[in-house]
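Please look through the sequence and the model shown below, and keep both at hand while reading. The paragraphs that follow lead from one hairpin to the parts around it.

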Amino acid sequence: MSSAHASARPFRFAAVTFDCPDPAELARFYGEVFGLPIVHSTDDFVLLGQDGAAGLGFNRLADYRRPTWPDGAQEKQAHIEVGVDDLDAAEAELLALGAVKPEAQPQPDRWRVLLDPAGHPFCITALV
């Protein structure tokens with residue numbers, strides 16, 4: 001695809017939004033992880049971002065059901081891959097911020113699966 005064709009598109013990637021029980025809490029977690037400020041906030045929605053870049057949104061869902069990864073009873077709908085320089089150091093920092101490390105770790109020498117405070121799985125990897 002040429003850059004001329006791509007720049008002519010009338011659409012742009014704006015954000016990824018996660019359903020959750022507490023948008024402010026999940027925004028706090030990811031805001032600290034990525035150093036992103038809140039650009040919009042209501043009781044039911046928080047958007048993190050920076051001018052000219054895609055953001056992360058968090059939407060309150062009254063009957064939110066936490067993913068049960070790796071058990072498929074409540075599937076994950078999406079997850080974020082987070083590039084890091086040092087897996088062990090990044091894992092320790094993310095756990096201190098409120099992430100949880102599940103026992104199941106498919107390839108812990110290549111990436112680690114963590115759960116954010118609302119239970120969404122996300123991966124950290126030094127491969128990116």
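In the hairpin of S3 and S4, where 6 residues lie between the strands, glycine 52 has a positive phi near 80 degrees. This is a predicted model, in which local features need pLDDT of at least 70 and side-chain atom pairs count only at pLDDT 80 or more, whereas totals for chains, interfaces and linings use all residues. Residues are numbered from 1 along each chain as its sequence is written, and side-chain values use heavy atoms, with hydrogens and water left out. Helices (H or I, at least four residues) and strands (E, at least two) are DSSP runs, numbered from the N terminus, and two strands pair if DSSP finds at least two bridges between them.

Strand S3 (residues 45–48) pairs with S4 in the antiparallel sense over 4 bridges, and leucine 48 stands opposite leucine 56 in S4. Strand S4 (residues 55–60) also pairs with strand S1 (residues 15–20), here in the parallel sense and over 6 bridges, with threonine 17 opposite glycine 57 in S4.

Another group of strands forms an open sheet: its 3 strands come in the order S5-S7-S6, and the pairing is mixed. Strand S5 (81–83) and strand S6 (111–115) are the edge strands, each pairing on one side only. Neighbouring strands of this sheet are turned by 30 degrees against each other on average, direction ignored, where axes are lines fitted to C-alpha atoms, for helices over the stretch in contact, and angles run from 0 to 180 degrees between N-to-C directions. S6 and strand S7 (residues 121–125) pair in the antiparallel sense over 5 bridges, and arginine 112 stands opposite isoleucine 124 in S7. Helix H3 (residues 87–97) packs on the sheet and touches S6 and S7, its direction making about 5 degrees with that of S6; contact means heavy atoms within 4.5 Å.

Which residues of H3 are buried? They are Leu87, Ala90, Glu91, Leu94 and Leu97, where buried means under 20% relative accessible area, exposed over 50%, and partly exposed in between (1.4 Å probe, protein chains only). Seen down the axis of H3, these buried residues fall within an arc of 125 degrees, so they line one face of the helix; the arc is that of the directions from the helix axis to the C-beta atoms. The buried residues of H3 pack against H2, S6 and S7, while the face turned away from the buried side carries the exposed residues Asp88, Glu93 and Ala96.

Within helix H3, glutamate 91 is buried, with a relative accessible area of 11%. The side chain of glutamate 91 makes a polar contact (a pair of N or O atoms within 3.5 Å; within protein, one must be able to donate a hydrogen and the other to accept it, and residues adjacent in sequence count only if both atoms are side-chain atoms) with the side chain of arginine 112, at 2.8 Å.

In soluble globular proteins, nonpolar side chains tend to be buried together. The largest nonpolar core here has 24 residues, of which Tyr30, Phe58, Leu94, Phe122 and Ile124 touch the most other members; such a core is a set of buried Ala, Val, Leu, Ile, Met, Phe, Trp, Tyr and Cys residues joined through side-chain atoms within 4.5 Å. The elements that give two or more residues to this core are S1, helix H2 (23–34), S3, S4, H3 and S7.
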